[in-house]
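Morning, everyone. Please bring up the structure on your screens, and I will walk you through a few side-chain contacts.

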Amino acid sequence: MYFRIIIMVLSFILLIRCKDTNEEQKDRIYQKSNSIIPDGSYVSNRYEDRNEGYDWVGVEVVSLDDTLIKISIRSRADLKRPTCTLHCIARKLNDTVYQSVETTIPVRFKFTKQDLSIYSSSPQELAYFCSGGASIEGKYRKILETLDTSQVDTRLYSKYLHSDGINFEITMQQDDSLKILSVKPAGLSKDNSTYTQQIDKDIVSVRALDLNDDDSPELLIVLKDFNSQKSTILAFTTNQKKSMSTINFEATDFYLYKGYYSGYDTYEIEKGKLVRKFPVFENGEPSNYQQIITYKLEPGEAMPQFKIYSERSVKINQ
């Protein structure tokens, strides 16, 4: 009798466990099938009428890792100057929403399986990225194909900056398998030649400001390889507003030799100095220390250079 009862109880427990396991598996399958994958191409509502001459805006999204995506907003460029342009990195806030980093105005991107909504806490400011009274705000429909290459702006990156009376146009084009970066100054008194360079990284941010209080702006371009997570700076000075030349930045040798650098850099400007921060790695794993290196812009024999002003390791609160 007792044996039968024990068998019945065990059978009941096994039945409950099997049911729970099946429910958990169903939940996992459901969650997986309902997860939002932002990657793809999105278009404004006039895209289908593009062959009739209507203007349109497209958005291309590429995941860089589990928390970062690359956003490229471009518009039609075959009939007139592109209306809207924004190239940025966006960080994940939750399962469906990302927010731009290193942009003049914080922009949010909300994804569903069918569309993308672009918005901001100050919607009127989203016109900053457009001309002619247009705005990037609104809903964009996801399409299965890439954007129409015969009409879309071919630049992979485009940004205009102004500082201390000098303008900078920073662009990046794809040439076969190569990325070509161009920097075109305007307003210099002697030489406004365009600087071009082949690069194998993506542009994370650009900034123009006067770092050495000589009333002539510097231009800083942060470049990052998202495969290795390693970054560097491409920098220019404007030589008393006469011409533009590069600034030497010896960024890696000394701490690569020490063996504790594995990327994940950030760059900031603090009190007129360039500050670089990255996690310290030990035996291939991040430690609870962060390296902070401060650079000061100083004259050099052949060109200006960022010299190390200070370096320290700081313990990160866990």
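Cys 84 and Cys 130 are both buried. Keep in mind that this is a predicted model. The two cysteines are joined to each other by a disulfide, with 2.0 Å from S to S. The structure holds 1 disulfide, and this is the one.

Where do Cys 84 and Cys 130 lie? Cys 84 is in the loop between strand 3 (68–75) and strand 4 (86–92). Cys 130 is in the loop between strand 7 (115–119) and strand 8 (138–143). The pair therefore ties together parts that are 46 residues apart in sequence.

Now the handedness. The torsion about the S-S bond of Cys 84 and Cys 130 is about 110°, so this disulfide is right-handed.

Is Cys 88 buried or exposed? Cys 88 has a relative accessible area of 5%. Buried means under 20%, so Cys 88 counts as buried.

On to the rings. How many aromatic pairs are there? The count comes to 10. One of them is Tyr 128 with Phe 129, an edge-to-face pair. Their centres are 5.2 Å apart, and the angle between the planes is 85°.

Look at how these two partners are covered. Phe 129 is buried, at 9% relative accessible area. Tyr 128 has 46% relative accessibility, so Tyr 128 counts as partly exposed.

Next pair: Phe 249 and Phe 306. Why is this pair edge-to-face? The ring planes of Phe 249 and Phe 306 stand at 85°, with the centres 5.9 Å apart, and planes over 60 degrees apart count as edge-to-face. Phe 249 sits in strand 16 (residues 245–249). Phe 306 sits in strand 20 (residues 305–315). Phe 249 and Phe 306 are both buried.

Last topic: charges over rings. Take Arg 50 and Tyr 47. Arg 50 lies over the face of Tyr 47, 4.0 Å from the ring centre. Then Lys 273 and Tyr 309. Here the charged end of Lys 273 sits over the Tyr 309 ring, 4.7 Å from its centre.

To recap, start with the disulfide from Cys 84 to Cys 130. Finish with Arg 50 over Tyr 47 and Lys 273 over Tyr 309. Thanks.

Definitions and conventions. Residues are numbered from 1 along each chain as its sequence is written. This is a predicted model: local features need pLDDT of at least 70, side-chain atom pairs count only at pLDDT 80 or more; totals for chains, interfaces and linings use all residues. Side-chain values use heavy atoms; hydrogens and water are left out. Rings of Phe, Tyr and Trp (its six-membered ring) pair if their centres lie within 6.5 Å; planes under 30 degrees apart count as stacked, over 60 as edge-to-face and the rest as tilted. Buried means under 20% relative accessible area, exposed over 50%, partly exposed in between (1.4 Å probe, protein chains only). Helices (H or I, at least four residues) and strands (E, at least two) are DSSP runs, numbered from the N terminus. A charge sits over a ring if NZ of Lys or CZ of Arg is within 6 Å of the ring centre and within 35 degrees of the ring normal. A disulfide is a pair of cysteine sulfur atoms within 2.5 Å.
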